[in-house]
Structures are given as structure tokens and as C-alpha cells.
Amino acid sequence: MNTKKRAIWVFGDYRNYFQNRVTLQLLAKANDLAPKISAEVCAVLFGQGLDQYVAEYIAHGAQKVYVVEHRSLKNYSVEKYAVLLERLANDYQPETILVGATSFGKEFAPRVAKRLGTGLTADCIGLKITEDGLLLQIAPSFGGNLLAEIITPNHRPQMATVRPGTFQEIPHNNELRGEVVRLPIQKDLPEDRVRLIANERQAQRDQRIEDAPVVVCGGRGMGSKKKFKKLFDLADLMGGEVGGTRPVVYAGWLDTDALVGQAGKHIKPKILLSFGISGAIQHTAATTEADFIIAVNKNPNATMMKMADVAVVADASQFCTALIKGLKARIQA
Amino acid sequence: MVSELPWDSKTGTLRRDLAEGMMNPACANALEAAFQIKRRYGGDIITITMGPPMAEEVLYEATAMGADRGVLLTDPYMAGGDTFVTSHTLARAIEKECPDFDLVLCGCHTSDSETAQVGPQLAEELDIPGVAYVEQLEINNRTVRMQRLSDNFFETLEMDLPGLVTVTTQANAPRYPSLSVLETAFGKPDISILGAADLGLEPETIGVQGSPTKILDVYSSTAKKKNLIMKGTAKKIVDEVFEKFGDRISGAIKKDLKTHYHEKKP
Ligand SMILES: Cc1cc2nc3c(=O)[nH]c(=O)nc-3n(C[C@H](O)[C@H](O)[C@H](O)COP(=O)(O)OP(=O)(O)OC[C@H]3O[C@@H](n4cnc5c(N)ncnc54)[C@H](O)[C@@H]3O)c2cc1C
Ligand SMILES: Nc1ncnc2c1ncn2[C@@H]1O[C@H](COP(=O)(O)O)[C@@H](O)[C@H]1O
């Protein structure tokens, strides 16, 4: 029998904290799962000057935080961090490792899994514990209209990546206590064979679509870039933000950072207006927290229409024009 | 779109073959990047795909567009593999078919499963440096310089060859083979077909058997809400929306809305 306490590990991805809260969300989920297998919840952090994150993770439910701090770890490095996590996992044998599906996480986690000789499920939208105490990983598959339930029965750790916004964080609690385990950097840690030459933070937009009270989302059914532009007029009138589906981003009608869905932003507006969107799970996984959905589609049977509170059967672009007109006429000067 | 559930309950795997036969979009960008590199710096392009026999189509297509040869890895034992065994199988094929490779190009993700895991895992398997989500790359002697956007950071990175990159769909505009090119190419494409035994791979280390992850179940994900359906002219529906939900809209946009509204004739 293994006498060591079982553990669920969450990789501490802090590079875009405060905007990116995926680590806190995973800590919350880990706290939900841990009692079912009598495990402790641990965060693992690499970098330099990490005290604020250590405190933050404990206040959000980490019972233990493993920290490796060194100036050579200051910049995120896929290869170095992968070797470090591999070695730590070999030393401490966690049951499960959860990694946020940020760009970094999506490149880093597969390499860790490979080095540890274990499985990895990408972009889970649900995590549960089976009767046998295994991690049940629920992930969209086959273009998004299907969900697959996946397990890693015979390999450890069980690993999964999860998109930011999938789970809800536990509110910050200063009363919570956690153990901090500081580990020295290993002397034989190899240099990353990929060299970072330049690293420039992209400017943040003013109102973030994630926080907007009104989101106007457009899909392929808007018909053209020109017609899609109307959505911006509507959003301006409503003090909201414009988002869209992947085809629309690929077509260049909308900036990549306004993509709504599993691969983009999760939204939680008071009102979501959805124009010409079919409702694939990769998109709707990110809209479930909208309070009220008005969907416009010429096909009444589209999934998005079934998910909406109001399903408007109409041409998306024409309805947008009519709605702008109707709003302008009603807004009190 | 797949209309039939591509789930094989007997073997517990997704039947990717139902959707196969078409080049994955991001792979078309990877191939285009290869053509651009060949034009600027020279080199031979070898395309490799693992899949059912009909996956050979994409190798024909790639050869027709200018790839020098193709390698198809196909074997019933390879079917149903997760990214762990897929990257293992691809790595052994690369080592056998082109041991002196300089650069491995992958798509950043596939359109059906879109794990984006095979590229990074292949770099581990081959023990070479690797960079994912690359948008631009340049080669100088034996050094590749790459640019990408990663979590709101614009990064410029360098590595020495041999190496691996995964290419995003933003990286370039893939060319399409014209029909006449496709027809002439079908004459004598250089395509080798290999099975597990040719690569010296034991059945239990590949495909569904060798995969650490197992699929328990697959189901449709449609959620349904009791909702209000509105039909008619756009103008009529807009009026109905404001009549029924004017308060809610007014609250969300923090603006007062006129409740009794009649459109004035100009
Ligand atoms: C792993 C993975 C991740 C993905 N991540 C994302 C993601 O983050 N976000 C995302 O959005 N997608 C994502 N996708 C893609 C997703 O599966 C869908 O392909 C996409 O959401 C569909 O976009 P759409 O609804 O605009 O287009 P379509 O599915 O083509 O739907 C267009 C809709 O418009 C309607 N329509 C057509 N003409 C009109 C008209 N004149 N008036 C009104 N309605 C009309 C049609 O009836 C249809 O319902 C991902 C896919 C994969 C595989
Ligand atoms: N069966 C396969 N054969 C060849 N290349 C593959 C295969 N599966 C994945 N890849 C490569 O890995 C990339 C990412 O795939 P995925 O990890 O499945 O999203 C693809 O764009 C391909 O370049």
C-alpha cells in the first residue's frame, strides 16, 4: 500500500494573472474532486518572485504549494518547466495533474505527459471522479457536436488540460492555510534548446468581453464582413462588446481576441445576442453563463436557437438592422 | 459534418476514418510553409500521414502540389490511437524513412479532435527542440527564427536544426492543387506504405491497445431550453422583443427605453 497521501496537482500558470484566472479555477475544481479520493490539493509553481502567487493560491484552496524559484526560471520555458515538473512528479507521485489550456499550457502539458509516459486529455469541459476513483475527463470531440468521456486507467498521473473559464473559482479566503514546500533548482537542469529573443506584451483592450454586460456575437450566418460590421453599431448602442465564432475570425471579419468559445473567451453577459450562429459545443461551452440569450437564425432548429430564451427566426443581418433602428427610436435622449 | 455517430462501440474508439480523406486545414498551412522554405532555401519535402488506407489521398494531393514523396502509415493495429501513441508511431516512421531530416512541420491542431498535442509530443519523441503555434519562420544557416503570439505575448524565438514547429492557420494561405496538376500527378507519385511490422512496432504499443487514455463513452451534447420562438417581419419581431423584454434590456444597457413607442411616419 502506498502510505503517501494522494494528491491532485494544479500547475500554477500566472503569466497573465490577473486576467487569466485558470489556475484558481482549477484549484476550485480540485477541491471539489479531492475529498472523493481523500486527496490533498497542491499547486506547483516555477519562476522568480512568486510570493504573491503562493499566497493567492493558498487563499483559493491550495493545501500545499511546491515552489521552485530561481532567476533562470524567470521567463516561461516549455522545456525547462517540463523537465522540472516531470522530476517533481516522479518524486511525489501525484494521482492527477491539471494544467490550464493557455497557449503555454497546451504546449507544455503534452510534453510533460510524454516524459512521464502517461495520457493527457485536451480541453476538458468537465471533470469527475468515477466509482473506481479514476479521473473522468469529459472533452468535446469530433468537431464539437459530441462529448467523449475519457479515463486513464493504468497510467499515473492522470493528466488533463482545461480551458480558462470552464470552472468557477472559490472566493478569496485569507483564513485558509497551506503548507509551502520550497525546492532548490536542480543543478543539472538542461538549458532550453529554444532561445527567447524577444517578448512583448500585447496591449489589453479597454472593456473586456469577458466582463461586458451585453455581448453581441456573430457567426457565419451574418453573411459578409460588411454586414458583420453592423454588429459593432448594435454593440455600441448597447454599451456592449462584439464577439464571434471561429469561421468569422478565420474569415477576417473579427479580431482573434474576440473569439468566443472554447478556444477563445468565456462570457457571462446579462444579455447575449447571437446572430447567425449554429451553436457548436466549442462555442456554446463559453456562453452557458449568459443570463438571457436572444438568438437569431433562419433555421429554427439550430442548436443555438434551442439554447436561447428567445429564438428569432429571421435573417440575421436584416434583424440586426431592424433592432438598431428600434433601439435608436426607443433610447431616451 | 458527420451525420452518423462516428463511434465504434465495439472497439471503444472514434472512427476517424469517416471524416478522413481530406487534408486537415492546419496541415495545409504546414505544407505551404514547407513549400515556401523549399523555394527559399531548397530541400526535399516528405509528407507523412498515419490513417486508414484512404488517407493516401492527402499524400497524392501533397505530391501533386510539389512534395517530393509521401509515406502512408496504415495498419489495423494503429487505429484508434491517442496522441501518445500517434506521436510514438510518427517518430519511428520519421527515424526510419528520413533519419537525416532538418525540420519537422506539423499543423498546430487537427480539425476533428484538435488536441494540439501531437506536435509537442513528437518533439519529445525525436528529442529535438520544438515550438508550437508559429506564425512566421525564417532560416539562417542552421538556425530557425520564429514568431508567435502566446498568451498575449508576442514572442520571437530561435532554435537550431533539427527541430520541430507547429504552424497556425494564420501563418500563410495554402495553395490548392488545380485539377490538371492533380491528374498528371496521379501518374507516378512516390508513396511508400508501411505497417506496424515495417516499423518494428509491437501491436500492444500502438493504436487503441497502446493508448494510455481510453474512451468510455461518446454522446451528443445538445442542451435544450424551453424558449419563446418569434417569427414574422424583422420590424414586428423587434417590437415584440421590446414589448416583452424591454425592462430586461433597459437594465442591461443601463439606458431608459420608451415603453410606448409608435414609429412616426416621416
Ligand atoms: C477543438 C475545436 C475548438 C473550437 N473552438 C471554437 C471556439 O472557441 N469558438 C467557436 O466559435 N468555434 C470553435 N470551433 C468551431 C466550431 O466547432 C464551429 O465550427 C463554429 O462555432 C461554427 O461557427 P458558426 O456558428 O458561425 O458557423 P456555422 O456552423 O456555419 O453556422 C452558421 C449558422 O448561421 C445560420 N445562417 C445562415 N445564413 C443565415 C442568415 N442569412 N440569417 C440567419 N442565420 C443564418 C445557419 O442556419 C447556421 O446555423 C472549434 C472547433 C474545434 C474542433
Ligand atoms: N495521424 C496523423 N498522421 C500525421 N500527422 C498527424 C496525425 N495526427 C496528428 N498529426 C500532426 O499533429 C498535428 C496536431 O494534431 P492534433 O494533436 O491531433 O491536434 C496535425 O496538424 C498533424 O501535423
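**Entry 1: surface and overall build of chain A**

Chain A exposes about 13300 Å². Carbon and sulfur atoms supply 48% of that area. I note here that the model is predicted.

Next I went through the secondary structure. I find 10 helices and 16 strands in chain A. The radius of gyration is 22 Å, close to the 20 Å that the globule rule gives for 333 residues, so chain A is as compact as a globular protein of that length. Along its principal axes, the C-alpha trace spans about 70 × 45 × 40 Å.

Then I checked burial. Of the 333 residues in chain A, 62% are buried. I also took the contacts between residues at least 6 apart in sequence. In chain A, 64% of these join residues at least 24 apart.

Chain A carries 42 positive and 34 negative charges. Their mean positions lie 5 Å apart.

**Entry 2: salt bridges**

I counted salt bridges over all chains and got 37. I then picked out a few pairs.

Which residue of chain A does D151(B) meet in a salt bridge? The partner is R15(A), with N to O at 3.1 Å. D151(B) sits in the loop between β8 (143-150) and β9 (153-160) of chain B, and R15(A) in the loop between β1 (6-11) and α1 (22-33) of chain A, so the pair joins two chains. D151(B) has a relative accessible area of 13% and is buried. R15(A) is at 12% and counts as buried.

My next pair was R193(A) with E79(A). Their closest N and O atoms are 3.1 Å apart, and they form a salt bridge. The pair links distant parts of the chain, 114 residues apart. R193(A) lies in the loop between β10 (179-183) and β11 (195-201) of chain A. E79(A) lies in helix α3 (residues 78-92) of chain A. E79(A) is buried, at 8%.

The side chains of R148(B) and E155(B) meet in a salt bridge, 2.8 Å from N to O. Both R148(B) and E155(B) are buried.

**Entry 3: backbone exceptions**

Most residues other than glycine have a negative phi, and most peptide bonds are trans. I searched for departures from both.

Where does chain A have a cis peptide bond? I found one joining R156(A) and P157(A), with omega about -5°. P157(A) lies in the loop between β8 (146-151) and β9 (158-162) of chain A.

Chain B gave me another. The peptide bond from L161(B) to P162(B) is cis, with omega near 0°. I place P162(B) in the loop between β9 and β10 (163-167) of chain B.

For phi, I noted S38(A). This residue is not a glycine, yet its phi is positive, about 40°. S38(A) is in the loop between α1 and β2 (39-47) of chain A. Is S38(A) buried or exposed? Its relative accessible area is 52%, and the cut-off for exposed is over 50%, so S38(A) is exposed.

Y133(B) has a positive phi as well, near 60°, and is not a glycine either. Y133(B) sits in strand β6 (residues 130-134) of chain B. At 15% relative accessibility, Y133(B) counts as buried.

**Entry 4: T23(A)**

I ended on a single residue. T23(A) is in helix α1 of chain A. T23(A) is buried, with a relative accessible area of 2%.

What does T23(A) touch, not counting residues up to four places away in sequence? I listed V10(A), F11(A), G12(A), D13(A) and Y57(A).

Conventions: Residues are numbered from 1 along each chain as its sequence is written. Chains are lettered from A and ligands numbered from 1 in the order in which they are written. This is a predicted model: local features need pLDDT of at least 70, side-chain atom pairs count only at pLDDT 80 or more; totals for chains, interfaces and linings use all residues. Side-chain values use heavy atoms; hydrogens and water are left out. A salt bridge is a side-chain nitrogen of Lys or Arg within 4 Å of a carboxyl oxygen of Asp or Glu. Helices (H or I, at least four residues) and strands (E, at least two) are DSSP runs, numbered from the N terminus. Buried means under 20% relative accessible area, exposed over 50%, partly exposed in between (1.4 Å probe, protein chains only). The radius of gyration is taken over C-alpha atoms; the globule rule is 2.2 Å times the number of residues to the power 0.38. Contact means heavy atoms within 4.5 Å. Accessible areas come from the Shrake-Rupley method with a 1.4 Å probe; for residues, only the protein chains shown count as cover. Lys and Arg count as positive and Asp and Glu as negative; His and the chain ends are not counted. The place of a charge is taken as NZ of Lys, CZ of Arg, CG of Asp or CD of Glu.
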